[in-house]
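Okay, thanks everyone. I'd like to walk you through one structure today, going from chain contacts down to a single residue.

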Amino acid sequence: MEDLFTGSVLIGLLASAIRLATPYLYAAIGETFGQRSGVLNLGVDGIMLMGAFSAFYVVFKTGDLVGGVLLAALVGLLMGLLMAFISVTLSAEQGISGIGVYLFGLGMSDLLFQKLINNVQTVSGFPVAPIPLLSEIPVLGPILFRQNVLVYGAYILVPIAWFVLNKTTLGLKIKAVGENPEAADTLGVSVSRIRYFTVSLGGMLSGIAGASLSIALLNVFQFNLTNGLGFIAIALVYFGGWRPTWVLLGSLIFSFVNALQIWVQVVGLPIPSDIAVMTPYILTIVVLVISAQRVRPPSALSKAYERLE
Amino acid sequence: MTQKQILPSGNPRIDRLEMQGIVKRFPGVLANDHVNFDVNAFEVHALLGENGAGKSTLMKQLYGLYHPDQGQIIFDGEPRLIHSPRDAINLGIGMIHQHFMLVDSLTVAENVALGLPSTRGIMTDLDRVTKRICELAEVYGLDVEPDAYIWQLSVGQQQKVEIIKALYRGAALLILDEPTAVLTPQEVDDFFVTLTKMANDGHALIFISHKLHEVMAFTHRVTVLRDGKNVGTVNTVDTNKNLLAEMMVGRPLNFIRNYKTIKCGNPRLKVENLSALSDRGVPALKNVSFEVCAGEVLGLAGVSGNGQPELAQVIAGLRPSTSGKIMIDDENLTGSTPMQVIDKGVAYIPEKRNVEGLIKEFSVSENLIMRDLDQEIYSRNAFLNMGNIAKRSADLVKTFNVKTPSIDTPIKSLSGGNAQKVILAREISRQPKVLIAAQPTRGVDIGATEYIHERIIEQRETGTATLLISEDLDEIFALSDRIAVIFHGEIMGVVDRKDATLQSIGLMMAGEQPPETKTAE
Amino acid sequence: MKKFGKLVVLLVLVAILSTACGAAEPAAPAASTGPFKVAVVTPSAINDLAFSQSMYDALLAIQAEMGAENFEFVVSDSMFVVDDASSAIRDYASQDYNLIVAHGSQYGAALQEIAPDFPGVSFAWGTAGDTFNLPNVFAYEAFSQEGGYVSGVLAAALNKSGVIGVVGPVEVGDAKLYVDGFVAGVNATNADITVNVNYTGSFSDVALASEAAQTHIGAGADVMTGSAQMVVGAVGVAKEKGVLWFGTQADQASLAPDIVVACQIYDWAVVLRDIVSLVNEGTLGGKAYALSLENEGLKMVYNPGFDLPADVKALGDAAAKGIVDGTVTIGVGGK
């Protein structure tokens, strides 16, 4: 047991964490946009399932990976629009409507799966695409630059999201709508247009998150493939204090601890499996509790905005 | 196109704005009934009226938030349709809302830039915005720090941000919705200096208010709205406070207020070295001590957010104190539950009447008897005695002049003034020993304010010790026998009404020790 | 009007959802007499290539034996929420089904509560050995350690790297028996082989199962096995990396024809057949069953697409025979 934890093991764990964090990142970054503008979309997991199925179906039938991602994005976008319609146009209670969207996605993805495919199948998904030169860098190369395209996409998304939120007029509008929609409205910023945009964008990214599972990481689809992953993503948005870089950090910590607990079990360290599998969740909760006092959520989060009383 | 005059801000001037025959209906209400209104450059035009008279509705139509059912809006002779705030902004209209439309978590520059196209396409151009803010600030004497976050600013500074925001957007006409409600007297003076300068430079200003002395001191013309109609537009120099009040209410009002010097040996309510924390866990009250005698109104003046709600809540048993004690007639009330406090004879009119005072969805009668439900005339063995409840409620509604369609109407359909009367009826019909009245007339129209004031004075005559917490100095001066001032959770001093001046109280509200205290120490 | 709009949307959502849930049910029976009617509640999808599918396949087999006119069944699958499952069980019980199968050990407590309320209806549940001493409850389980042991023997014989990986779901019941049997089989064949075992804490976390498989392979495993519906994730990784796989509960060869060596399959038809005849004779419960290699409820199915050397297969057959005749002791779960 003395040489268990070697450098190569650590590299493996980190590469594993980078991979595992991918679906969380897409979903959580998308959800960050929605929540910054004041919409809590609890339907992420359902949208991911629909995205996962759509992408899987395209690849299963045609082998077209890009087409799979595009359909997943489109389906996610449409589900995001549905959520926006319910929560923005109809001003329905966001928690309830999100759960509705989740259940819809859960049921609908399974229904389509039963009707169109009907048994568990595998496909060949996105292959590992090492980035020339960078992938040869010792240590960092294998961790960061020997992944598949959708993994890279998730990490490129983080600085883009940061830039949009902090450096663009759109980001300013999103933050204002989430903090004080009335003020934004009086300045000619359309609250509903912004919220439609962020929630649809969130839906689209959740769809891609699903695709990253079904055609890049797991290459399989079955009922409830995500297994609640979308809800963890929402928790990560809170942990990240609604900031993309912190969401990235949270996703990586959660994924790393998950990879670590698997490794700990595999090498046979005497820790009961029940305890090991709990650690990522305990960690997330602990961090949430600590960070809750640190960061304030957007003031208008989960509140519908109606100009006329 | 005629060439427009340019204001010092660089914005084109609006010489004349007219609103003609404006009609606006809401379900069941005629909010504006053929209203005519106009304002010119170089003018401050006051728009006066009680709550619900239609002032805000009229102005929201000018600002594009509502759309008139009939009538037209004419800029410098050209009729215009205003579909949205954006249209209004493009026409040169700015609105300073009563509740500031600022995003706390953003900086001044970000708030100003919000919603405007950037010179750098999708990227923000905050450095250029900052530069322009500084220019405007200098021209109009508005000192603001562009990089400061809104939550770091005082209320007065936030108002300056609002003005800059409007000017930045090219405002030549400013709508000011009750702009002084949140300011200290000194800040009000500052504010008027700014506004006067703006009017002299050629801006057109619409000043919505119900504070008659401000209207008299500072405007050129006054338009009074009542029940959605324009009941008259007059030159300010040709009118006076009493005439304006009569126009607003439609009948003569009592402005009789007399105060007395109280001498009491044993105070009824005694607060000693009381400290407490705010919701955020920081000290909100620091060693607060004062006494209120039977038959006395003690006014507690102070700018919003200096510990007033916390003080009321601690006395009412709703918030724990960290030290000190509260005595009523030598009985210790510290740490009592709200029920025990009620039983000791304390009545409480809370500041947030829709949150702490009333259940909005419940009916008038349910709200009226809520506190006394356990008494035998209302319930026996957990069953409500509906007959007694209805009878008692009907009595109270009549006695306290609550305007409601029925006792079964939900509170949320009542106006602010009538909702407040329901609380007043519930609280003072109990003949309390102590009355804590927090902002009792906030958001309440003049008629109801007059009524509530009369009732508070009436209680004083029957020997109730009243603590009147108010941010409205007119109210403090009108009702109090003595005035205490709270600042940052500390009592700055207590003075007799006869010795108090607006100036001295205002200084204390801004945190200065009164001269007596200074010499005493 | 707005409230109405919200209501409509929610109703539509609920309606679509319920269609989705009910979609997997074959035609429901209508007549009240005549055919033997069975209702089954399963925790995962009936095409999960694992636990739920094993029961579904058995129902189809019985139906083929008895004829569709004599045996009808309905399945509510994907009932991973126990509360939903228990109301489904209660619904079926009040709709004159002859037998209600609660296919999941997590349904036990619900069944114990419901069964006494319907003394005329027969219930079966598993995997478990406990009939709660109720006269109308059957219990069934599988000695899955037996097939696990055989797979372990085969795995050890095929192993070259000295490391074998096991992706387990939750360390209880059937899954634990299988895993422990597998480990015993490996150890009995070659004690020098390291068997790495991990549990993901879930039956359905495909992503974690996949990552666990990666980790096992990273630790040197060239043969793997695993249990529960989540293993499709692990099979996918095994396929990609060319690592051999042993399945259990259902035939998983279709997922990865090149690397699946053999699967232990559950043939619940053995149990169902006996329960049907008992119920028809008027015995509504009280008996506990166990699938085993001996009663042929458990079978080793070899993937015809995998070229298994004859000498290795002979080792597996010998182990199976030994378990049946009692000459091999697994040392797990009383076997």
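This is a predicted model: local features need pLDDT of at least 70, side-chain atom pairs count only at pLDDT 80 or more; totals for chains, interfaces and linings use all residues.

Chain B and chain C have no contact joining them; their closest C-alpha atoms are 14 Å apart.

Let's look at A with C. Here 48 residues come from chain C and 41 residues from chain A. On the chain C side, the elements giving two or more residues are α1 (2-22), β7 (194-199), α7 (206-218) and α8 (231-241). Which of them gives the most to the side that touches chain A? That's α1(C), with 11 residues. By class, this side of chain C splits into 21 nonpolar, 20 polar and 7 charged residues.

Now A with B. This contact takes 21 residues from chain B and 19 residues from chain A. Two or more residues each come from α2 (85-90) and α3 (108-113) of chain B, and α2(B) gives the most, with 3 residues. The chain B side has 12 nonpolar, 6 polar and 3 charged residues.

Okay, on to the helix pair. When two helices pack, you describe them by the angle between their axes and the distance between those axes. In chain C, take helix α5 (residues 144-158) and helix α10 (residues 310-325): their axes come within 9 Å and cross at roughly 155 degrees. With the cut-off for that label at over 145 degrees, α5(C) is therefore roughly antiparallel to α10(C). The crossing of α5(C) and α10(C) is right-handed.

Who's touching whom? From α5(C) you've got Glu146(C), Tyr149(C), Val150(C), Val153(C), Leu154(C), Ala157(C) and Leu158(C), and they meet Val312(C), Leu315(C), Gly316(C), Ala319(C), Ala320(C) and Ile323(C) of α10(C). The residues of that contact divide into 11 nonpolar, 1 polar and 1 charged.

Last stop, chain B. Ile411(B) sits in the loop between α13 (386-399) and α14 (416-428) of chain B. Is Ile411(B) buried or exposed? Ile411(B) counts as buried, because it has 23 C-beta neighbours inside 10 Å and the cut-off is 20 or more. Leaving out residues up to four places away in sequence, Ile411(B) touches Leu358(B), Lys360(B), Phe362(B), Val364(B), Asn367(B), Ala419(B) and Val422(B). As for Val341(B), it is 70 residues from Ile411(B) in sequence and 25 Å away in space, C-alpha to C-alpha.

That's it from me.

Conventions
Residues are numbered from 1 along each chain as its sequence is written. Chains are lettered from A and ligands numbered from 1 in the order in which they are written. Two residues are in contact if their C-beta atoms, placed from the backbone, lie within 7 Å. Helices (H or I, at least four residues) and strands (E, at least two) are DSSP runs, numbered from the N terminus. Ala, Val, Leu, Ile, Met, Phe, Trp, Tyr, Cys and Pro count as nonpolar, Asp, Glu, Lys and Arg as charged, and the others, Gly among them, as polar. Axes are lines fitted to C-alpha atoms, for helices over the stretch in contact, and angles run from 0 to 180 degrees between N-to-C directions. Angles under 35 degrees count as roughly parallel, over 145 as roughly antiparallel, 65 to 115 as roughly perpendicular and the rest as oblique. A crossing is left-handed if the near helix is turned anticlockwise from the far one by less than a right angle, and right-handed if clockwise. A residue is buried if 20 or more other C-beta atoms lie within 10 Å of its own, exposed if 12 or fewer, and partly exposed in between; C-beta atoms are placed from the backbone.
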